[in-house]
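Let's take a friendly walk through this model together. Have the sequence at hand and follow along as we go.

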Amino acid sequence: LTGIIVADLGTMILLESMGLNNKVVYNPETLLTNEIDFNFLSSNNILGAYIAKEITVEEVISIGKNKKYQMFMVGHGHLNMFYSKRYLLDNYSELINKANSYYTNSQTLKIVEPKRADSPFPILQDEAGTHVFRSKVMNSFPFFNDLSSVVDYFIIDTIFKDDNYGYEILKMYSNCDLNQADALKVKYDETWDEGFLNNKTYYKRKVK
């Protein structure tokens, strides 16, 4: 056992009481967006933390240059953009009077909006609730050389994919092969973008 990924600080405190805090990897999904937040748990002697998936490559590099433990980053895959602890697919199946056993843990379902029919959103219901993912696969290929200087663990998220996909994506990043990237997009019928790495997130306050 080399690491334990946790999202709840209560779990981290429990592991610390068991002498396992040096194996803790904190992953709160969207919270660690700057150097101060990222390093907040450094005094707890944990292994490392995941940076948020919604920050730019400049912000990633800035945090990485000032990190006090190991940095984990989701660099490739479908990003989770919505979560509910409710079983929304079961609720839908009840509405249309169908048995709901089909929907749980199925990785082939998608939501299609009429206005964005060409961008289906993968949806997954499991024992934790319901998850909706971005339609495009986020990739860090254009920034990989810069990121590799600061990121300790580059995560290839293979949800909805098999092991062969993960292996081929790993080779692409290892070889920095643009031709391989284009071939993989065609082979797996995927549309890739750079997620938020090239697009700063803004929150607009509504003025009354």
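Which residues have the most contacts inside the largest nonpolar core? They are Phe38, Ile51 and Val60, in a core of 31 residues. A nonpolar core here is a set of buried Ala, Val, Leu, Ile, Met, Phe, Trp, Tyr and Cys residues joined through side-chain atoms within 4.5 Å; buried means under 20% relative accessible area, exposed over 50%, and partly exposed in between, with a 1.4 Å probe and protein chains only. This is a predicted model, in which local features need pLDDT of at least 70 and side-chain atom pairs count only at pLDDT 80 or more, while totals for chains, interfaces and linings use all residues. Residues are numbered from 1 along each chain as its sequence is written, and side-chain values use heavy atoms, with hydrogens and water left out.

At least two residues of the 31-residue core come from each of helix 1 (9-17), strand 2 (24-26), strand 3 (48-50), helix 3 (57-65) and strand 4 (70-77). Helices (H or I, at least four residues) and strands (E, at least two) are DSSP runs numbered from the N terminus. Beyond its neighbours within four places in sequence, Val60 has contacts (heavy atoms within 4.5 Å) that include Ile51, Met71, Leu147 and Leu197. A second, separate core has ten residues, among them Val137, Met172, Ala181 and Leu184.

Now turn to helix 6 (residues 163-175), where you will find Glu168. Glu168 is buried, at a relative accessible area of 17%. Leaving aside neighbours within four places in sequence, Glu168 touches Gln180, Leu184, Lys187 and Tyr188.
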